[in-house]
Amino acid sequence: MMENKNTEFLKYLDISIKASQDMTQELIKDNRKDEADHEKVKTNVYQIFKTVFQVITKQKALELDDIKKLFLEKLETIPANWKTSLESGKEFQDYEKILIEEIKLQTLEEIRNTFLTLWESN
């Protein structure tokens, strides 16, 4: 059961990374560099959490609940600087920074929701 959940979640991340990379290429072809750069931010967030998840699941003797607990902790600690940066962007009306941090946090929420849905299904 654990291997299925791990595999499903990694598959979701791989599909998301590929879709985001494909979208980036389409935007570049359309000369929409700013939007392509924003899409790259999403790709990076997927890749960060794929790496984090793989590191957690490679630890020996972890049960499903341990993996869930560790991954959810990382979903809280890693974006702490993003939230600080978002607040800083708002304070100084740096709209590009605000947009980038919001993209990161929205992508994070999608990852969290998908993880919880997969992890809590049978």
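Start by selecting Phe53: this residue is buried, with a relative accessible area of 0% (buried means under 20% relative accessible area with a 1.4 Å probe, protein chains only). You are looking at a predicted model, where local features need pLDDT of at least 70, side-chain atom pairs count only at pLDDT 80 or more, and totals for chains, interfaces and linings use all residues. Residues are numbered from 1 along each chain as its sequence is written, and side-chain values use heavy atoms, leaving out hydrogens and water.

Searching the whole structure gives 12 aromatic pairs (ring centres within 6.5 Å, using the six-membered ring of Trp; planes under 30 degrees apart are stacked, over 60 edge-to-face, the rest tilted). Phe9 and Phe53 make an edge-to-face pair, 4.8 Å centre to centre with 70 degrees between the planes. Phe9 sits in helix H1 (residues 2–29) and Phe53 in helix H2 (residues 33–57), 44 residues apart; helices here are DSSP runs of H or I, at least four residues, numbered from the N terminus.

Next, select Phe71 and Phe115, both buried. Their ring centres are 4.7 Å apart and their planes at 50 degrees, so this pair is tilted.

Finish at Leu13. Setting aside residues up to four places away in sequence, Leu13 touches Tyr46, Phe49, Lys50 and Ile111, where contact means heavy atoms within 4.5 Å.

Terms used
Helix = DSSP H or I, 4+ residues; strand = E, 2+ residues; numbered from the N terminus. Buried < 20%, exposed > 50% of the residue type's maximum accessible area, 1.4 Å probe, protein only.
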